[in-house]
Amino acid sequence: MTKITPQPGIMDIALYQGGAGHVEGVANVVKLSSNENPFGPSEVAKEAFRKAAYELHRYPSTDHAPLRTAIAEIHGLDPARIVCGVGSDEIIAFLCQGYAGPGDEVIHTEHGFAMYRISTLANGATPVEVPERERVTNVDAILAACTEATRLVFVANPNNPTGTMIGEAELRRLAQGLPERALLVIDGAYAEYVEGYDGGAALVESRDNVVMTRTFSKLHGLGGLRVGWGYGPSHVVDVLNRLRGPFNLSHAALVTAEAAIRDTAWATKCREDNTRLRAWLAEALAEHGVPSDTSTANFILARFGSRDEAEACDAWLQSQGLIVRRVAGYNLPNCLRITVGDEAACRRVAHAVGQFKGGAR
């Protein structure tokens, strides 16, 4: 029998389950399970990707300077305090690797993104799950859960999979109340969907214990290229860059992301279309007796009367070629997370849910 064993915590990790992409025996499938931008990347970004094919034999830059400069210009940030990663997932992993280990605790909320727990366990630290208040981040509960062992607190704002968020004053109160050795990480994967919201950037600027993470996978439509970034105090960014592999992002990913973030007109169009269709879909589902909290992201968390009803509706939607996401793994067994697709997709979902609620099974 082998004596080769992994580090403590690793075997406690449940494998991450991504959103399904097909249904056996069903054609004309619409994937609404991974919160992807239904309009895809801009034409400018796609052209940058095509041109990158001529340099596939070249190693990419190691400092990501052009992309960091573009991010800084668009968001009004200091490029020296930006670090880029393979999706925001990698930034989350770097934070856990750099600041949490055996004997340390990492706080996340009960309906928080699965990667917080996974990255915590991967580094031998202890994940601490804190209750939310009606599917909304509860600052008082987080502060009550903090101990001298707390090293990181992850808050997604807007949160996935609930779609809810808290205001800047609550985030500031949380940052001010943390133990001296703890970092607040504001996961802003969906921040661009909120008009006028800076994702926590102002809080990062004013404090030395706050880090913001962002991604190109959602609004910018680059989920397939895996590009994310973080913004934080210089002392934190220095640590993350020491952990980051020198060639963690490909040249194609870097130039495409730069083109995408500079195409602000496309980003605005995608945001406005999402806002309009999200409101329409939420109202249409409510008319069929399926409520949801007010979402600030690009998805809706549809609530059903029971787990059985949610799973039965999911099965019906699949039979109609509509793939959504069960979220029992996020402690929401009676809910389905539905990505806001294009107008045709939203109308198909509303019609199919209406059929289900009307007795079709």
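This is a predicted model: local features need pLDDT of at least 70, side-chain atom pairs count only at pLDDT 80 or more; totals for chains, interfaces and linings use all residues.
The seven-stranded sheet is open and has mixed pairing, with its strands in the order β2-β8-β7-β6-β5-β3-β4. Its edges are formed by β2, residues 82-85, and β4, residues 126-130, each of which pairs on one side only. Averaged over the sheet and with direction ignored, neighbouring strands are turned by 20° against each other. Within this arrangement, strand β5, which spans residues 150-156, runs parallel to β6 and is joined to β6 by five bridges; in β6, D187 is the bridge partner of A156. Helix α2, comprising residues 65-75, packs on the sheet and touches β2, β7 (210-215) and β8 (228-231), with a direction that makes about 120° with that of β2. A further helix, α6, made up of residues 168-177, lies across β5, β6 and β7 and runs at about 155° to β6.

Strand β6 covers residues 183-187 and includes D187. The side chain of D187 is buried yet takes part in no salt bridge, and the nearest side chain of opposite charge, that of R214, is 7.9 Å away.

The chain then continues to G188, which is found in the loop between β6 and α7 (201-206). G188 is buried, with a relative accessible area of 0%. The C-alpha atoms of G188 and P158 are separated by 6.8 Å, although these residues are 30 residues apart along the chain.

A second open sheet consists of three strands in the order β9-β12-β11, and its pairing is antiparallel. The edge strands are β9, residues 299-303, and β11, residues 325-326, each pairing on one side only. Strand β12, residues 335-339, is joined to β9 by five bridges, and the two strands run antiparallel; in β12, the bridge partner of R303 is C335. Helix α11 packs on this sheet, where β11 and β12 are touched, and the direction of the helix makes about 35° with that of β12.

The count of salt bridges in the model comes to 25. In helix α6, which lies across β5, β6 and β7, the side chains of R173 and E170 meet in a salt bridge with an N to O distance of 2.9 Å. These two residues are three residues apart in the helix and are therefore separated by about one helical turn. Both ends of the pair are partly exposed, R173 with a relative accessible area of 31% and E170 with one of 29%. A salt bridge within a helix is also formed between the side chains of R262 and E258, at 3.6 Å from N to O; being four residues apart in helix α9 (residues 251-262), R262 and E258 are likewise separated by about one helical turn. Here R262 is partly exposed, with a relative accessible area of 37%, and E258 is partly exposed at 21%.

The side chains of K357 and E309 meet in a salt bridge of 2.7 Å, N to O, and this pair links distant parts of the chain, since K357 belongs to helix α12 (residues 343-357) and E309 to helix α11 (residues 307-319), 48 residues apart. K357 counts as partly exposed at 33% relative accessibility, whereas E309 is buried, with a relative accessible area of 18%. Finally, K269, D273, R276, E343 and R347 are linked in a network of salt bridges.

Conventions. Residues are numbered from 1 along each chain as its sequence is written. Side-chain values use heavy atoms; hydrogens and water are left out. Buried means under 20% relative accessible area, exposed over 50%, partly exposed in between (1.4 Å probe, protein chains only). Lys and Arg count as positive and Asp and Glu as negative; His and the chain ends are not counted. A salt bridge is a side-chain nitrogen of Lys or Arg within 4 Å of a carboxyl oxygen of Asp or Glu. Two strands pair if DSSP finds at least two bridges between them. Axes are lines fitted to C-alpha atoms, for helices over the stretch in contact, and angles run from 0 to 180 degrees between N-to-C directions. Contact means heavy atoms within 4.5 Å.
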